[in-house]
Amino acid sequence: MSDHGKLQVVLGTKVAYKDHSLGLANAVDTPAMFVDRTALEHNLQLLETCMQQFPDVHLRPHGKAHKSDKMTALQLSSHRSRSHGLCVQKVFEAKALIESGVVDDVLVTNEVVSSNKIDQLALLAKKPGVRLSLCVDDADNARALSKAAVKHGCTLGVLVDVDVGQKRCGVSSAGAALQLAQLLAELPGLTFKGIQAYHGLLQHIKSQEQRLEAVTEAAAKAKQGD
């Protein structure tokens, strides 16, 4: 999770990685992540450029792929003017990156249901300056989060997870989303922060026209309660 023992992050170029005379295979212990810095910086700048047409939209880059404090710092510094923290997928990712000190605003883009992990999140949210949010699609889970937040004296941000076609998790109707949102707004220790409407399978559609059609359909489902 960091560059101090658990995961090394090596920034360089593809040419350097392929040149075995440099001895990188022997010099870098596993686990290690090799990053083409030129491509990385290009992509970070490309995202910033593309988002200029949406001045009121904030960015929250994801950390689940790299799990690295160094990469998190690069992402956040590249979008400093509009960044609203980081996304992660799992509790241990949130814990490691928050404790590294590189980020204090984290959204767990998933439901967390086990009592042990809920307690871990609540304890993280209790740290000074930390803002921690996660997704919810079930009333009983919401009550468990509220109970833990009250127990540990913290506040958890919560988003209603809306299923817009991936059929993995999330509520399936506007009525269910509204009912859950009303509950979240009432429960102590929780702050309702909106909805999450994620359809990760769409990024694998190669045709730009077909992807646009699918994204438009997913967005319409997310807006059905307007």
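A disulfide is a pair of cysteine sulfur atoms within 2.5 Å. By that criterion the structure holds 0 disulfides. This is a predicted model, in which local features need pLDDT of at least 70 and side-chain atom pairs count only at pLDDT 80 or more, while totals for chains, interfaces and linings use all residues. Residues are numbered from 1 along each chain as its sequence is written, and side-chain values use heavy atoms, with hydrogens and water left out.

**Cysteines**
- Cys87 has its closest cysteine sulfur in Cys135, at 8.6 Å, which is too far for a bond.
- Cys87 counts as buried at 8% relative accessibility; buried means under 20% relative accessible area, exposed over 50%, and partly exposed in between (1.4 Å probe, protein chains only).
- Cys50, at 39% relative accessibility, counts as partly exposed.

**Helices α3 and α4**
- Helices (H or I, at least four residues) and strands (E, at least two) are DSSP runs, numbered from the N terminus.
- In α3, Arg37, Leu40, Leu44 and Glu48 meet Met71, Leu74, Gln75 and Ser78 of α4, where contact means heavy atoms within 4.5 Å.

**Strands β5 and β6**
- β5 (residues 131-136) pairs with β6 in the parallel sense over 4 bridges; pairing requires at least two DSSP bridges between two strands.
- Leu134 stands opposite Val158 in β6.
- β6 (residues 156-161) is largely enclosed by the rest of the structure, because 6 of its 6 residues are buried.
- Leu156, Val158 and Val160 point one way from β6, and Gly157, Leu159 and Asp161 point the other way.
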